[in-house]
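Student: I have a model open and want to learn how to read it. Can we take it feature by feature?

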Amino acid sequence: MLAVAVTVIFAAASSASANPAGSISNSESDGFTLMSDNNYTYIEGDVSYTSTTSSFTVSWTCSIPQNMNITEWRLVYDDDGILKYIDECSPDTRSFKENVADFNIETTGEYISRFAIGFTYTDSSGIQQYGLINDYADVFTKFAKSDFCLVGSDNMYSFEYAQTLSSTGGEIEIRTASGTLVKRCDSKDSFAFPQGKAYKYRIRPYVTDSSDSIITGPWSSYRYACNPYAQIKYSSLFNGCNLKLKGVSKVQKYKVYVSTSINKRGSLTKTLTPKTGVTSTYRLNKIGKYSMKSGKRYYITIVPVISGYKSDISGIVNFYNTYY
C-alpha cells in the first residue's frame, strides 16, 4: 500500500520534540493482539486515545469480574514481546493524562504504535496477578486541514504536512470532486493534477509496529484542488482586459484577484460562475474598488471554489499591460 513505512519512536525522556496537531479521539475494539502471553488475564473493555498539542490522554471502560480486586491500573505497551509500562494509577481511575513534554519521540529508540491498559489484581487466594484489557488504542493524531497542503507549480505538485505525535509518514488519497478514487500514494510522492478537472484529497498518518505491520490512523477532512490553467485566456483592452474562462465540472465559481505585484494575490475583484464546458467572457477593469489605469502592469489570479472551499491550485495570468 505504501512505498515507505516510518516507525514511531515514543518513550519516556526529559526533553520534548513531539508536536501533535489538532485534537481527536480514536479507539479500537477488535481485540488486543500485540501481547498474547498466557500469563496474563484478559478482561473485556474499550481503550481510546486523545491528543492535543501539549498532552495526550488514554482512557478506558471495562467490566470487572466480581471476584477480581483491581489494585492498580497501568499504561503499557509492547516492546518486541516484552511488556513495559509507562505510568500507573489507582483502581478507581479510568484514564491516564500525560504531558507531551515528558516524551521524546526521536532519540530514545523505543517503538510504540499502540497503548494498552494493564492492571494488577489479587485473586481469591490473595496472590497478586497481572492482567490486560483485551483492547488497545492506536497512537495517532488526526491531521487538521491546516496541517497539510500542496506545493509546486505548473502541472506537478507534492505534499507537505505537519509532524504529528505518532507519525512522520502520511498516506494521501486522491479522488475526483465527485468521489471517484483516483489513487493512493505516499505523502513523499508527487502527483500531476491534470488541467481542467476538480479533485479532493486527504491524508492519514501511518506507522509500522514491531511485526512490520502497517498501522494507519484516521483520515483528515478533504482539501480541494483544480488546476485551471488550460481554461484561462485573456486579451488586453484599454483600461482593462477581457478574461475568457471555461467552466469545469464540480467547480462552483471562480474568485478573481487583481494585484500590481507578482508576489501578492491582491484584492478580490470578481466572482465568476461560468457553466461547465462553456467558455464565458468577462470584462475586468477594476482592482478592488479602483479602476485600472492604462500603462500599468497587473497580475490576475483565478481561484476555483469546490464544495465551498478554495482550491489549493490557482490559475495565474502572469501579467499584462493595458493599452495606452
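Student: Which residue takes a positive phi in the hairpin of β10 and β11?

Tutor: Strands first: they are DSSP runs of E, at least two residues long, numbered from the N terminus, while helices are runs of H or I of at least four. In this hairpin, five residues lie between the strands, and G126 has a positive phi near 80°. The model is predicted: local features need pLDDT of at least 70, side-chain atom pairs count only at pLDDT 80 or more, and totals for chains, interfaces and linings use all residues. Residues are numbered from 1 along each chain as its sequence is written, and side-chain values use heavy atoms, with hydrogens and water left out.

Student: In which sense do β10 and β11 pair?

Tutor: Two strands pair if DSSP finds at least two bridges between them. Strand β10 (residues 114–122) pairs with β11 in the antiparallel sense, over eight bridges. Look for F115 opposite A137 in β11. Strand β3 (residues 41–43) also pairs with β11, in the parallel sense, over three bridges. There I43 stands opposite I133.

Student: How many residues of strand β11 are buried?

Tutor: Buried means under 20% relative accessible area, exposed means over 50%, and partly exposed is in between (1.4 Å probe, protein chains only). Eight of the eleven residues of β11 (residues 128–138) are buried, so the strand is largely enclosed by the rest of the structure. Across the protein, 46% of the 324 residues count as buried.

Student: How do I read the salt bridge between E173 and R184?

Tutor: Side chains of opposite charge can pair when their charged atoms come close. The rule here asks for a side-chain nitrogen of Lys or Arg within 4 Å of a carboxyl oxygen of Asp or Glu. The closest N and O atoms of E173 and R184 are 2.6 Å apart. E173 lies in strand β14 and R184 in strand β15, so the pair ties together parts eleven residues apart in sequence. E173 is buried at 0% relative accessible area, whereas R184 is partly exposed at 37%.

Student: How many salt bridges does this rule give?

Tutor: The count is seven. One of them joins K188 and D186, with closest N and O atoms 3.6 Å apart. Salt bridges that share partners also link E173, R175, R184 and R202 into one network. Another pair is R74 and E72, at 2.9 Å, N to O. Both R74 and E72 are buried.

Student: Which residues does S187 touch?

Tutor: S187 is in the loop between β15 (181–186) and β16 (190–192). Its relative accessibility of 2% makes it buried. Not counting residues up to four places away in sequence, S187 touches F159, Y161, G169, G170, I172 and I203.

Notes
Contact = heavy atoms within 4.5 Å.
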